[in-house]
Amino acid sequence: MNQVPITISISSIQEDGGLKEASRSEYQGLLHRGPTVTYVRYDDTEGNSNTLRLAPEGVRVYRRGGMQAWQDFRLGEVTGGGLSFDPERHSEMMLRIHTHELVWTASAREGQLALVYDLYTGTSAAEDADPMELTLGRFTLEVAWAVIAS
């Protein structure tokens, strides 16, 4: 797998009711571009390894480390995800994601991803959802990367 060093900039906004929290982070990572799939990998400050899998059918995000997580994003669809803080006990919180915006572009030297989605525990996005499940809020995520000049 031919991987290229990149810089990654991540901006996120989480909105829940009247609360709004914004953050911005920068990391060093690796880019791999295949014929139809692009991978962006980086380690965050919490010691987690993060992978973005960008494909024509949608985006999948993996997080491995102190927390294990995955989320699927497809424009206009309600998709799944999972979150586990203790993988040895196989305890997992199921997630549902309703993706409102999904745009990604990538060239040989740079790329970007824009996501806007609502995040729910369990099946909360379903019309017949359990009222005990939670809406975790609306998230806006922007990821930009650029190849490090050699």
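Me: What relative accessible area does valine 103 have, and how is it classed?
Reply: Valine 103 has a relative accessible area of 45%, so it is partly exposed; buried means under 20%, exposed means over 50%, and partly exposed lies in between, with a 1.4 Å probe and protein chains only. Please keep in mind that this is a predicted model, in which local features need pLDDT of at least 70 and side-chain atom pairs count only at pLDDT 80 or more, while totals for chains, interfaces and linings use all residues. Residues are numbered from 1 along each chain as its sequence is written, and side-chain values use heavy atoms, with hydrogens and water left out.

Me: Where does valine 103 lie, and which residues is it in contact with?
Reply: Valine 103 lies in strand S8, residues 91-106 (strands are DSSP runs of E with at least two residues, helices are runs of H or I with at least four, and both are numbered from the N terminus). Once its neighbours within four places in sequence are left aside, valine 103 is in contact with Gln112, Leu113 and Ala114, where contact means heavy atoms within 4.5 Å.

Me: And how far apart are valine 103 and valine 116?
Reply: From C-alpha to C-alpha, valine 103 and valine 116 are 9.5 Å apart in space, and in sequence they are 13 residues apart.

Me: Is threonine 38 buried or exposed?
Reply: Threonine 38, whose place is in strand S3, has 2% relative accessibility and therefore counts as buried. Leaving aside neighbours within four places in sequence, the residues in contact with threonine 38 are Leu31, His32, Arg33, Leu52, Arg53, Leu54, Trp104 and Ala106.

Me: New topic: how much space lies in the largest pocket?
Reply: The largest pocket holds about 930 Å³ of space. A pocket here is an open set of points on a 1 Å grid over the protein atoms alone, where a 1.4 Å probe fits, with protein on both sides within 12 Å along at least five of seven lines; lining residues have an atom within 4 Å of a point. The volume is the space filled by probe spheres set on the points, which are joined across faces, edges and corners.

Me: Which residues are the closest to its centre?
Reply: The largest pocket is lined by 30 residues, and Ser12, Arg63, Gln71, Tyr117 and Phe139 are the closest to its centre. Among the elements that give two or more residues to this lining are strand S1 (4-16), strand S2 (19-33) and strand S10 (135-147).

Me: How many of the lining residues are nonpolar, polar and charged?
Reply: The lining divides into 18 nonpolar, eight polar and four charged residues (Ala, Val, Leu, Ile, Met, Phe, Trp, Tyr, Cys and Pro count as nonpolar, Asp, Glu, Lys and Arg as charged, and the others, Gly among them, as polar).

Me: How many aromatic pairs does a search find?
Reply: A search of the whole structure finds three aromatic pairs, which are rings of Phe, Tyr and Trp (its six-membered ring) with centres within 6.5 Å; planes under 30 degrees apart count as stacked, over 60 as edge-to-face and the rest as tilted. Tyrosine 27 and tyrosine 42 form a stacked pair, 4.9 Å centre to centre with 25° between the planes. This pair links distant parts of the chain, since tyrosine 27 is in strand S2 and tyrosine 42 is in strand S3 (residues 38-43), 15 residues apart, and both tyrosine 27 and tyrosine 42 are buried.

Me: What about phenylalanine 73 and tyrosine 117?
Reply: Phenylalanine 73 and tyrosine 117 form an edge-to-face pair, with 4.8 Å centre to centre and 65° between the planes. Phenylalanine 73 lies in strand S6 and tyrosine 117 in strand S9, so this pair ties together parts that are 44 residues apart in sequence. Ring pairs also link Phe73, Tyr117 and Phe139 into a cluster.

Me: Last one: which residue forms a salt bridge with arginine 63?
Reply: Arginine 63 forms a salt bridge with aspartate 44, and their closest N and O atoms are 3.5 Å apart; a salt bridge is a side-chain nitrogen of Lys or Arg within 4 Å of a carboxyl oxygen of Asp or Glu. Arginine 63 counts as partly exposed at 25% relative accessibility, whereas aspartate 44 counts as buried at 9%.
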